[in-house]
Amino acid sequence: MVNFFSILASVNDFQVETTKNIISQKEVLKASQQQDWGELQVILMAHTLRRLLFRYGVQKPKEELKELARSYISEVQELILIKGSRRWNIDHYPTFQEFIISVIDSHLNNQLNKSAFKEVDLEEHNTHNGSAPSPEAELEVQELREKVFKMLNEEGASDDEMIIFECMAEGITKPKEIREELGITEKDFHNLWRKLDRRLQKIRKKL
């Protein structure tokens, strides 16, 4: 089926600076060298994917979406570590992780508000066992998915819960596979799933 993602939020992120405790580029580089980049990259990847999916409604095949996220993260790393064009106010962002995530959010906002992402590969996603689903089936699935996402949003579901549900909608139903896909721990997944399951039970009754 075609992957359609509703734009659930469009309010631009912004920060109002009240203090100017900006650290030097030398200190930024020193902080970056102290990071566990293997772990940090997983966190940045999960965050960027959530933003692309649920804030900006980017519609792309899974691997292309991941590649797009990697590209944006790489651009942000270049802005911070090579060009030094993003300044770190440690009063607003006490940790390097918080700082780089804030730059990712700003960079995505600058890039994705310039053009609308409505791309989808119909030939790849409209086929199942060699045959395409009917337009009526496509529309029904699209409307149901959008309705459930909207209801989850109204129920106060977090980005993490939403992306877990998206994995399930894409046929990834085993907890281990979802954890590996999102790079989260078993404990975090369990906590998120309990919250998501409660919301889904409410939605099932309404549907």
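Residue numbers start from 1 along each chain as its sequence is written, and side-chain values use heavy atoms, with hydrogens and water left out. As the model is predicted, local features need pLDDT of at least 70 and side-chain atom pairs count only at pLDDT 80 or more, while totals for chains, interfaces and linings use all residues.

**Exercise 1. Find the largest cavity and describe its lining.**

Step 1: settle the term. On a 1 Å grid over the protein atoms alone, a cavity is a set of points where a 1.4 Å probe fits but cannot get out, and lining residues have an atom within 4 Å of a point. Volume is the space filled by probe spheres set on the points, which are joined across faces, edges and corners.

Step 2: search. The structure has one cavity of 30 Å³ or more, and the largest cavity comes to about 40 Å³.

Step 3: list the lining. Ala46, Arg50, Asp160, Ile163, Leu182, Ile184 and Leu192 line the largest cavity. Helices α2 (37-55) and α7 (159-169) are the elements that give two or more residues to this lining; helices here are DSSP runs (H or I, at least four residues), numbered from the N terminus.

Step 4: sort by class. The lining has five nonpolar, no polar and two charged residues. (Ala, Val, Leu, Ile, Met, Phe, Trp, Tyr, Cys and Pro count as nonpolar, Asp, Glu, Lys and Arg as charged, the others, Gly among them, as polar.)

**Exercise 2. Check the span of α2 against its 19 residues.**

Step 1: the expected span is 1.5 Å times one less than the number of residues, so the 19 residues of α2 should span 27 Å.

Step 2: the end C-alpha atoms of α2 are 25 Å apart, which agrees.

Step 3: look past the end. Gly57 follows α2, with a positive phi near 60 degrees.

**Exercise 3. Classify the ring pairs Trp37 with Phe96 and Trp88 with Phe99.**

Step 1: rings of Phe, Tyr and Trp (its six-membered ring) pair if their centres lie within 6.5 Å; planes under 30 degrees apart are stacked, over 60 edge-to-face, the rest tilted.

Step 2: Trp37 and Phe96 have centres 5.9 Å apart and planes at 80 degrees, so they are edge-to-face. Trp37 sits in α2 and Phe96 in α4 (residues 96-112), 59 residues apart.

Step 3: Trp88 and Phe99 are stacked, at 5.1 Å centre to centre and 5 degrees between planes.

Step 4: Trp37, Trp88, Phe96 and Phe99 form one aromatic cluster.

Conventions. On a 1 Å grid over the protein atoms alone, a cavity is a set of points where a 1.4 Å probe fits but cannot get out, and a pocket is an open set with protein on both sides within 12 Å along at least five of seven lines; lining residues have an atom within 4 Å of a point.
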